[in-house]
Protein chains: 2
Amino acid sequence: MLLVRQLEKLLGKSRVSVDPATLVEHAGDKWFASHPPEVVVFAESTADVSKLMKFAYRRRIPVTPRGAGYGYVGGCVPLQGGIALSLARMNRIKEINFADAVAVVEPGVITARLQAGAREKRLFYPPDPASMKDCSLGGNIATNAGGPRCLKYGVTRQYVLGLEVVLSNGEVLRTGGRTHKNKTGFDLIGMFVGSEGLLGVVTEATLRLLPLPPARATLSASFRTFRQAARAVQEIFAAGFLPSALEIADAFTLEAAGEYLGKHLAPKGSAHLLVDLDGQPESVTSEVHALAKLLEKLKPIGARTALGESDCEELWNLRRAFSMSLKATGLTKLNEDIVVPRGKLTDLAEFTEKLRKKYGYPIACFGHAGDGNIHVNIMAANYHQDRAVYKKVGKALDELFHQVLAWGGVITGEHGIGIAKQRWWPDATSRVSRQVHATLKAALDPHGILNPGKFVKAVGGK
Amino acid sequence: MLLVRQLEKLLGKSRVSVDPATLVEHAGDKWFASHPPEVVVFAESTADVSKLMKFAYRRRIPVTPRGAGYGYVGGCVPLQGGIALSLARMNRIKEINFADAVAVVEPGVITARLQAGAREKRLFYPPDPASMKDCSLGGNIATNAGGPRCLKYGVTRQYVLGLEVVLSNGEVLRTGGRTHKNKTGFDLIGMFVGSEGLLGVVTEATLRLLPLPPARATLSASFRTFRQAARAVQEIFAAGFLPSALEIADAFTLEAAGEYLGKHLAPKGSAHLLVDLDGQPESVTSEVHALAKLLEKLKPIGARTALGESDCEELWNLRRAFSMSLKATGLTKLNEDIVVPRGKLTDLAEFTEKLRKKYGYPIACFGHAGDGNIHVNIMAANYHQDRAVYKKVGKALDELFHQVLAWGGVITGEHGIGIAKQRWWPDATSRVSRQVHATLKAALDPHGILNPGKFVKAVGGK
């Protein structure tokens, strides 16, 4: 019997599709790579996922789980065909509870929807990946998603209190729960968060929520040099501030934003900082002024402060337009989410400037200065069309990653390894680390059916 | 050849001891259980640990690693004898770096020493277990230690950026690094943090540090009923405050503190709250007054505020005396670090009152109200001497844990499972969860030599 017929029998016709457009839709994410699955399954319950995994386990069929498809590294590309398992229909917010400060959600819930739901109950879900209006919580968990606010509030992992996970053999693991602290056994939650669909399929999550900060303030400042802006970052921390976001942008990014938004909307100077504060109204008011005063000593070209959600968002419009501005240049934007130790921000800017000169590609750096997680965008014409360009950019990326690793930095801070970073996976990890990864993979997915073809293969498996 | 001679040959005489007093010292922690090792090894380097583990792996000799011995659940008791591996001599702070906001430490560093070192450089290491002046960072990592400040700042896990771990076979794994964000592969760090010495031996940690908050304020308030105090907890969050600590104490605890410290130093009323705020000076000043005003509506019997480290610590003296006050009653204090969903604080107090009536033992509840992590202390005379008392207390604990689990709570929030909670481990976890634990243990410690006899056994191991 054909795979599709078997699955229809197992799960019902409405949950299975081999419609060509559907296969294409489930062939990849926001990155370049794509490979169609043989069939797409739309799970509607944990029982569906469990039945499917039991079936796939017995028959050794690849299953590649996926959220909303907003990944940046090809993590959910079903490289070996088989079944693409969509969790998009499992999109219920089961509960948002003020007294316990938790939400219980299915993996298909769009991140911004949970944030809005929490806000209505004076609660706050901090992780804010750029794609939060489109990406889903299941995908956020699979990639341990970050965002600007993670500087103060931490990444997705810090908000997962409990998980229901279907294992490769179809068994359903429930781990953690609705308490804000838990020391019962090993950290199984941590093992699944960020595992990029290689160890299990998340079917429910209990998330920690915080009290909603009633007020917000933003400071926007531009500087003559990147070095000055990086110095400002250090001064802010030295004064004991832990902003909810601390974003930096370099000259090329600002220029592109000027082209895109109109010159008058982009700040002058070669570097720009955005600093966000949240908390009690009186506190953020006094703190944003104290910050402005602190930065005055560093002689910014211009500085503005804003209070309240809408005025702050006006200053953030610039930041939110960076990606689109760079895309609007017509060049292919290779967004590498490297992280350097925070003290190396200026070194990074100087190094990318050297790379630009050497290879002739503009490089736009912007992102989360506070935690050293800078999006380094190499901008190349004809990247996909011209094999020589592709190879030359590859060399520039090699140099970038090797320098970042030499500084004690890492090749990915938010997006994960997926396919995009697979080439540098051996440089970024030791032999023993890769061995432990393989051991874990073999222990939890002995037949290697979960998201196969990615950066870890099960060894020593059955 | 005797084990001790083999180890002396391998590591040098100065690192090996079978002195009877030394064996007794390394037989347990702050809990009751104890079992002497055959020999104690004092590692002085990663190479020592690696050599030792290779030796033990080949010969299948139990190795029980230990920090400063300040655990509360018997986690480092060498139940099967063999080698007690002390990391106490590996106590160097290798680096505290302001620009990168990291510290690199060996496992034997006492927690308070790192905190003091960080403070000198305007940096802040938040985790504050009660024993911070005596416990070591290696032990904190092995138990994922918490403390009052974890409400705002999170537990030890959130501060571990990189680890060096010696695996059961002696291989040295280095994972993570000195960046504040990292999405390179699976979360191996999370797997070792809190694994209670069952999966590997931590020999170095790179820790995340925060900017030092320049100011602190404390609010102390007492209430007629526990219910009112629990209501105050919810009101504080509803107003958008995320205090750095939010501690509660019940009537019995306050009474014992009154006996111990003198009546005039213990607050009146049946429940007491301590709320800590930290941040910029102007902010904490205005916030502590706003909080006092907020709580006025709930008609506390008394309320005091304090600004600045020394005045705040004066209010905290009461809190810090709770454990000693309870011990001073002469009764055996069985401290259970259960966690309930935050909305269940009053239910917990009412339930322990029922237990008190039913079993006749006083029960003192105090602790981290903000995250529902309450230390429930059953106070019993002749616990160790009288088998009937021991059994009756066991029954009361059974009832307590079963109710906590029924509420969606957990049996341990900070201390871990160790030996103390082993009896309730099957109630607190599902079959599938225990199976995954055993699979992980078998994958990483196939011969079951690391801290054997505890709550997870390697199955399917070689």
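**Figure 1. Domains of chain A.** Chain A is divided into four parts: domain 1 (3-86), domain 2 (93-211), domain 3 (215-323) and domain 4 (330-423). The model shown here and in the other figures is predicted. Between the centres of domain 1 of chain A and domain 2 of chain A, taken over C-alpha atoms, the distance is 22 Å. To the contact of these two domains, domain 1 of chain A gives 12 residues and domain 2 of chain A gives 15 residues.

**Figure 2. The interface of domain 1 and domain 2 in chain A.** About 1200 Å² is buried between domain 1 of chain A and domain 2 of chain A, with 67% of it on carbon and sulfur atoms. On the domain 1 side, helix α3 (residues 46-59) of chain A supplies the largest share, 6 residues. That side is made up of 8 nonpolar, 3 polar and 1 charged residues. Across this interface there are 0 salt bridges, and 3 residue pairs are in polar contact.

**Figure 3. The interface of chain B and chain A.** Chain B and chain A each bring 88 residues to the contact. The area buried between the chains is about 6700 Å², and carbon and sulfur atoms give 63% of it. On the side of chain B, the residues that lose the most area to chain A are B:Lys181, B:Lys183 and B:Phe186, together 15% of what that side buries. There are 8 salt bridges between the two chains. In one of the salt bridges, A:Glu196 pairs with B:Lys183, and the closest N and O atoms are 3.2 Å apart. Polar contacts across the interface of chain B and chain A join 30 residue pairs. Several elements of chain B each supply at least two residues to the side that touches chain A, among them β9 (172-176), α8 (226-238) and α10 (281-296). The largest share of that side, 10 residues, comes from α16(B). By class, the side of chain B that touches chain A has 39 nonpolar, 32 polar and 17 charged residues.

**Figure 4. Surroundings of A:Glu164.** A:Glu164 is part of strand β8 (residues 160-166) of chain A. Its relative accessible area is 8%, so A:Glu164 counts as buried. The side chain of A:Glu164 makes a polar contact of 2.5 Å with the side chain of A:Thr46. Another polar contact, of 2.7 Å, joins the side chains of A:Glu164 and A:Arg174. Beyond four places in sequence, the residues in contact with A:Glu164 include A:Val172, A:Val201 and A:Val202.

**Figure 5. Surroundings of A:Thr203.** A:Thr203 lies in strand β10 (residues 201-208) of chain A. With 0% relative accessibility, A:Thr203 is buried. The side chains of A:Thr203 and A:Glu164 are joined by a polar contact of 2.7 Å. Not counting residues up to four places away in sequence, A:Thr203 also touches others, including A:Val49, A:Met90, A:Glu106 and A:Pro107. A:Asp19 is 184 residues away along the chain, and its C-alpha atom is separated from that of A:Thr203 by 25 Å.

**Figure 6. Surroundings of A:Asp445.** A:Asp445 is in the segment after α16 (431-444) of chain A. A:Asp445 counts as buried because its relative accessibility is 0%. Its side chain reaches the backbone nitrogen of A:Leu450 at 2.9 Å. Apart from neighbours within four places in sequence, A:Asp445 is in contact with A:Ser168, A:Leu198, A:Leu450 and A:Ala458.

**Figure 7. Salt bridges within the chains.** Side chains of opposite charge can pair when their charged atoms come close. The whole structure has 64 salt bridges over all chains.

- A:Glu353 and A:Lys357 form a salt bridge, with the closest N and O atoms 3.8 Å apart. Both residues lie in helix α13 (residues 345-359) of chain A, 4 residues apart, about one turn of the helix. A:Glu353 is partly exposed at 32% relative accessible area, whereas A:Lys357 is exposed at 62%.
- B:Asp278 and B:Lys152 meet in a salt bridge of 2.7 Å, N to O. This pair links distant parts of the chain, with B:Asp278 in strand β14 (residues 271-279) of chain B and B:Lys152 in helix α6 of chain B, 126 residues apart. B:Asp278 is buried at 15% relative accessible area, and B:Lys152 is partly exposed at 28%.
- A:Arg216, A:Asp276, A:Glu309, A:Glu313 and A:Arg320 are joined in a network of salt bridges.

Terms used
Residues are numbered from 1 along each chain as its sequence is written. Chains are lettered from A and ligands numbered from 1 in the order in which they are written. This is a predicted model: local features need pLDDT of at least 70, side-chain atom pairs count only at pLDDT 80 or more; totals for chains, interfaces and linings use all residues. Side-chain values use heavy atoms; hydrogens and water are left out. Domain bounds come from an automatic or database domain assignment. Contact means heavy atoms within 4.5 Å. Buried area is the accessible area (1.4 Å probe) that two parts lose on being put together, summed over both. A salt bridge is a side-chain nitrogen of Lys or Arg within 4 Å of a carboxyl oxygen of Asp or Glu. A polar contact is a pair of N or O atoms within 3.5 Å; within protein, one must be able to donate a hydrogen and the other to accept it, and residues adjacent in sequence count only if both atoms are side-chain atoms. Ala, Val, Leu, Ile, Met, Phe, Trp, Tyr, Cys and Pro count as nonpolar, Asp, Glu, Lys and Arg as charged, and the others, Gly among them, as polar. Buried means under 20% relative accessible area, exposed over 50%, partly exposed in between (1.4 Å probe, protein chains only).
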